[in-house]
Amino acid sequence: MTGAGGMLAAEPFIRWDWVRDHTDDIVSNLWEHVQLTVLAVGIGFVIAMAMALISLRWRAAYGPLAAFCAAMYSVPSVALFALLLPFVGLGLRNALIALVTYTLLILLRNIVAGLDGVPPEVREAADGMGYERWRRVLRVDLPLATPSIVAGLRIATVTTIGLVTVTALVGEGGFGRFINEGLSRQFSTEIVLGAVLSVAFAIACDVMFVVAERVLAPWARPQGVVKAGRWGERTLARWSRHRRIADA
Amino acid sequence: MTAAATPADTSAEDVAIRLEHLTKTYPGASRPAVSGLDLTMPRGELVALVGPSGCGKTTTLKMINRLIEPTSGTVWVDGVDIRTQPTHELRRGIGYVIQQAGLFPHRTVGDNIATVPKLLGWDRHRIKARVDELADLLRLDRGLLGRYPSALSGGQQQRVGVARALAADPPVLLMDEPYSAVDPIVRAQLQDELLTLQREVHKTIVFVTHDIDEAIKLANRIAILNVGGILEQVDSPAEMLRAPRNEFVADFLGDDRGIKRLSLMTVRDASLSKGPLVAETASADDARSTMAERGYDWVAVCDGDDHLQGWIGASDLDGAETVGELTPKPFLSVVTADTTLKAALDGIVTSRTRVAMAVDDDGRYLGMLTVDDLAEGVTA
C-alpha cells in the first residue's frame, strides 16, 4: 500500500484518505474484534460460573480455584502466547485460550462476591418457603447477584477488548491488526486508527453494560424505589425519584 | 394445663403440632441446644416460645420446618411424622415469617406474596386473586403490590412477610421474632393486627419471641424455655402469671406480674363498687349525706337516664340548694367494660378522685373502681 518507506516529514499524522479507502478492513477487523471478545468473555463466563457454583456447594474449593485464576492472571500476555505455541500454534485457539484465561479471575471473584452478598435472611426465607436448592440458586441467589455479575462482565469485557489488540502477535487481533501493521510500517494513521477504534469499542461496551445492569436489576438502583411495570413505565420512572412511603 | 402434657392427653383432632422428645445437639457443642422437649400445640392456637438467649426457642421452631434437623425425637404435624415427606413439600405447607421479613428484594411486593402459590403451580388468575385478597386482609394498599420491598417501611415489609406466609393458606404458621426489628409503636400496631387477623384465620401459630410482654399479649399458651432448651412451664398467660411454677419462670415474668395480669383482665372481670352517686335533682343536703355515708368528699352526678355527668366536691355545695344548679367537673378516668384493668389502674392513680368510673357504651353509669377493687381481682 502507500506510505512505504516510513513516516516522511511531509506525511500528515492522520491520512483521512487512507482511512476512507480502508473501510472494508475496518469492518472486517471490527467483526473479528467483536467475535474474539464475545467468545472469550462468553467462554470465560461459563467456566467462571461453573467454578462459582462449585464454590457455593463446596466452600473449600473456592480458595484453590481463586488462587489458580490469580496465578494465571499474573502471567504476562505475550509470555502466555509463547507458552501456548508448542501446544496450539498460532491463530484463533492460541488467542482465545489466552483471552479466556484473563477473564476468569475477575468473573469468578465478582460472581462469588455477588452470591456472598445475598442476605442470609433472604436465603433462609427462600428455604423456608420450600424452594429446592437448585431452584433457589436459580431464582433467588443468582438474580440477586446480578449487579455484581454484570459489573464483573463489564470489567472483563473492557479488559478483553484491550487484550484482543495484542493477539495480533499470534495472527488474530481485530483492530490490533491496524496497530501491528502501523508499527511495523511506522505508519501513524494505522496505529492511531487501531487504538482509537479499540478504545471506542471498549467505551461502547462499557455503556452497554451500564444499561444492561439497570434493565436486569431494576430493584438495585441507588434510589431503588422504582415502580416495576412495563418497559416505558420503568424508563419514565427511572428519571423520577420516588419518596419512601410512610406507614399508613 | 401444665408442662409436659403427654401426647395422649389430647386427641389428634385438636393437636396441630406435637414435639416428642425433641433434642438438638449442634456438632461440637458440649450441651444440647434443645433437650428432650415434649410439647403439643393445639389447633388454632397461638403458642409463644419464650426464653432467654440460648434457650433453643429458634432452634425448636426451625426443627418444625426442618431448616434444622433434630438430633433425635420426632415432630408430628397433623399427625404425620414430618420426616416422611420431602422437605420442600413440607415447607410449602407451613407459613414462615422471619425477623426483618426477609422479602426478596428483586421481586415486587405482589410477586413476593405469590411465592408459594407459584411454587405450587397455581394458575395466574388464581394467584392474582389470592394476592389481592391478602393485600386487603393485611391492609396493604394494592398500589404497593407493584413496588419493590425497598420502597416499603419496616412495618409494611413485615405485613408483606405475613401475607407471603399465608399465601397458600397453610394451617400452620411459624413466626421467628417477627417484630423485634421494628420500632415500638409499629410493633404494638402489628401485634394488634395479628390478633385481629388470627380471629379471622384461626391458624396454629408458633411464635418465637424474647419479649414476655409480647407473648402475654398475643399467645393463648406460653411455653417458657430455659437455657439448653429445657421446658419450664406451659400455660395460658393468665395462669402462668397467677401461678408461676418456679423461680425461673417468676423471674422471667418480671417483678410486675400483678400489673401484667391486670393487662389481661378487663373491667368486665372486676367487681365494681357502688360509689357516691346522686341525681341532678338531688338537694345539696342529700349530696352531703351521700358523701358522709360513703366516706368521700365528692359525689358523682347522673342525669335522669343514668348518664354520668361528672363530680362535685364538698366545698362546691356551699350556698347551693340543689345539685342541678352546679356544673359537675368531668371525671379524668372513665372506663368501659372492654378497658383493661391495667389501663383502669393508670386512670385511678392519675385522677384527682383516685377512682375510675365505669360506664356502658351509651355513657350510663355502671359503677366505680378503686385500687382495692383491682387488688381483689388480682389476688382472687
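Predicted model: local features only at pLDDT ≥ 70, side-chain atom pairs only at ≥ 80, totals over all residues.

Student: What makes β3(B) and strand β8 (residues 204-209) of chain B a pair?

Tutor: Pairing takes at least two bridges. β3(B) and β8(B) are joined by 5 bridges and run parallel, so they pass that cut-off. Within β8(B), B:Val208 is the bridge partner of B:Leu49.

Student: How do you know that β3(B) also pairs with strand β9 (residues 221-226) of chain B?

Tutor: The bridges tell us again: 4 of them link β3(B) and β9(B) in the parallel sense. In β9(B), the bridge partner of B:Leu49 is B:Ala223. As background, strands of a sheet pair through backbone hydrogen bonds, either parallel or antiparallel.

Student: What does B:Ala48 touch?

Tutor: Leaving out residues up to four places away in sequence, B:Ala48 touches B:Phe207, B:Thr209, B:Ala215, B:Leu218, B:Ala219, B:Ile222 and B:Ala223. B:Ala48 is also among the residues with the most contacts inside the largest nonpolar core, which has 127 residues. A second, separate core of 30 residues includes B:Val278, B:Ala287, B:Leu369 and B:Leu374.

Student: Where does B:Val278 find its bridge partner in β12(B)?

Tutor: At B:Val301. Strand β12 (residues 298-302) of chain B and β11(B) pair in the parallel sense over 3 bridges. They belong to an open sheet of 3 strands in the order β11-β12-β13 (chain B), with mixed pairing.

Student: Why are β11 (277-279) and β13 (308-313) of chain B called edge strands?

Tutor: Because each pairs on one side only. From one strand to the next, the twist averages 35°. Helix α12 (residues 284-294) of chain B packs on this sheet and touches β11, β12 and β13 of chain B; its direction makes about 125° with that of β12(B).

Student: Why is B:Val355 called buried?

Tutor: The cut-off is 20 or more C-beta neighbours within 10 Å. B:Val355 has 26 inside that distance, so it counts as buried. B:Val355 lies in the loop between α13 (341-350) and β15 (356-359) of chain B. Not counting residues up to four places away in sequence, B:Val355 touches B:Gly275, B:Ile348, B:Met368, B:Leu369 and B:Thr370.

Student: Why does B:Asp169 count as partly exposed?

Tutor: A residue is exposed with 12 or fewer neighbours and buried with 20 or more, and partly exposed in between. B:Asp169 has 13 C-beta neighbours inside 10 Å, so it counts as partly exposed. B:Asp169 sits in the loop between α6 (154-166) and β7 (172-176) of chain B, and its phi is near 55°, a positive value in a residue other than glycine.

Student: What makes B:Ala101 buried?

Tutor: B:Ala101 has 26 C-beta neighbours inside 10 Å, so it counts as buried. Phi of B:Ala101 is near 65°, again positive in a residue other than glycine. Its place is the loop between β6 (94-98) and α3 (109-113) of chain B.

Student: Now for chain A. At what angle do helix α2 (residues 23-57) and helix α7 (residues 133-166) of chain A cross, and why is that given its name?

Tutor: Their axes come within 9 Å and cross at roughly 135°. That makes α2(A) oblique to α7(A), because roughly antiparallel needs an angle over 145 degrees and roughly perpendicular covers 65 to 115. The crossing is right-handed. Among the residues that meet are A:His33, A:Leu36 and A:Thr37 in α2(A) and A:Leu153, A:Ala156 and A:Thr157 in α7(A).

Student: And what is helix α5 (residues 92-116) of chain A called relative to α7(A)?

Tutor: The axes of α5(A) and α7(A) come within 8 Å and cross at roughly 160°. This angle makes α5(A) roughly antiparallel to α7(A), because the cut-off for that term is over 145 degrees. α5(A) also passes α7(A) in a right-handed crossing.

How values were computed. Residues numbered from 1 in each chain as written. Chains lettered and ligands numbered in written order. Helix = DSSP H or I, 4+ residues; strand = E, 2+ residues; numbered from the N terminus. Axes fitted to C-alpha atoms, helices over the stretch in contact; angles between N-to-C directions. Contact = placed C-beta atoms within 7 Å. Core = buried A, V, L, I, M, F, W, Y, C linked by C-beta atoms within 7 Å. Parallel < 35°, antiparallel > 145°, perpendicular 65-115°, else oblique. Left-handed = near helix turned anticlockwise from the far one by under 90°.
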